[in-house]
Every structure is written in structure tokens, then in C-alpha cells.
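Morning, everyone. I have one structure to go through today, so let me put it on the screen.

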Amino acid sequence: TIDIESSSFYDEDKNKVALMYCFTLGINGHSYFGRTKEDLLSMLSFVRDAFQLGTSYELNKKGELVGCEKRLIFYIHNLGYEFQFFMKWFKWKSVFAIKNRTPVKASTIDGIELKCSFLLSGYSLAMTGKHLQKYKVEKRVGDLDYRKIRTPITPMDNTEQGYVLYDGLVVMA
């Protein structure tokens, strides 16, 4: 899973701006917390290398060169929102969307695939947590003041970090 948190505000020209201030990245039951775009891209680069993602080529039994694509799928609840950040950060192989700004699935050229768990489940994040059968994890409610403008250097207490972490854990579960 990948989950980012952002602050929205209006700049001096009255343009709406959104700024990512933290994220969680979850793989196989383990969650990682970071604060910057560079942290996220570095972690994804590490994952890409560790899992040897992307297209590789090998010879088949007939001596023909054939390609094999290895992908790692990350679920993101409300990919449409977070894709507004991601679309500038990656090179895309394909994007499947049901309408403008509503991607269901997006694949990078280097083996990272993003899928929208909201569109696939039909549930809000809170309702998704309530419907979990095997791993019981619920979204925390009220632990984060969305009116506060945060940046990657804004201190976050344990309650705020826990809120962000649980969003990712619900999707991962």
C-alpha cells in the first residue's frame, strides 16, 4: 500500500495548492513512514531493485529473446487524489481510468503498479476497516486536524503518526 497525507491551502495568487507532508508504504504486513517525496521515491527505487521489477529479457528454449515483466502492485485508497501527485513523479506505461482524474490502475515503466482500493471495494476507508474479516484494523477517526497546514518539517506527535499509519494498515489488511 501507499498512503500520502497532504495539506491544501490557497497561495497568494488564490490558487489552490496541495503539499504532501508524509506517507506510509506498506509491504507484506510491514509499514514504513516517511516525510518527503524524495523519501518515497527512494523507498520505491529500493523496492524496485530488491524485487528486480520491470522488464527483463531472456532466451527461451528456441533461442529467441523474450521479455518478462515483473510488477509489484500497490493499493491506494482514492488513487484519483494521490495520482495528482504521482503523475508528475513517474514515467507511465499505461493508465486505465473510468473518467478524467479517476484512475483505476496505473503502471510505471519500471514495474510499479498502482490500483485504487476505493474503486475496487466501493467502501470508504472507515467502512473498509469495519468490513475486514481476517485482520481487524479500523481507521482512526478524529486524531488528525485537517485544518492545520503541515509540511514535511512540521513535527507530528505519536497520535498523528498513528492516524497516518492506521490508514495504510486498513488498506493493507
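Buried residues account for 37% of the 173 residues in the chain. Keep in mind that this is a predicted model. The C-alpha trace spans about 60 × 45 × 30 Å along its principal axes. On contacts: take the pairs in the chain that are at least 6 apart in sequence, and 50% of those contacts join residues at least 24 apart.

Next, secondary structure. There are five helices and nine strands in the chain. Reading from the N terminus, the order of elements is β-β-β-α-β-β-β-α-β-β-β-α-α-α.

Three strands make up an open sheet, ordered 1-2-3, with antiparallel pairing. Which strands stand at the edges? Strand 1, residues 2-10, and strand 3, residues 30-34; each has a single partner strand, so one side of each is left without a neighbour in the sheet. From one strand to the next, the twist averages 20°.

Helix 1, residues 37-50, does, and it touches strand 1, strand 2 and strand 3. The direction of helix 1 makes about 35° with that of strand 2. Helix 2, residues 79-86, lies across strand 1 and strand 2. Relative to strand 1, helix 2 runs at about 80°.

How much space lies in the largest pocket? About 330 Å³. The largest pocket is lined by 17 residues, and the closest to its centre are I4, E5, S6, Y81 and Y146. Strand 1 and helix 2 are the elements that give two or more residues to this lining. Strand 1 gives the most, with six residues.

What is the lining of the largest pocket like in terms of nonpolar, polar and charged residues? The residues divide into five nonpolar, five polar and seven charged.

Terms used: Residues numbered from 1 in each chain as written. Predicted model: local features only at pLDDT ≥ 70, side-chain atom pairs only at ≥ 80, totals over all residues. Heavy atoms only, no water. Pairing = 2+ DSSP bridges. Helix = DSSP H or I, 4+ residues; strand = E, 2+ residues; numbered from the N terminus. Axes fitted to C-alpha atoms, helices over the stretch in contact; angles between N-to-C directions. Contact = heavy atoms within 4.5 Å. 1 Å grid on protein atoms, 1.4 Å probe; cavity = no way out; pocket = protein on both sides within 12 Å on 5 of 7 lines; lining within 4 Å. Points joined across faces, edges and corners; volume = space filled by probe spheres on them. Nonpolar A, V, L, I, M, F, W, Y, C, P; charged D, E, K, R; others polar. Buried < 20%, exposed > 50% of the residue type's maximum accessible area, 1.4 Å probe, protein only.
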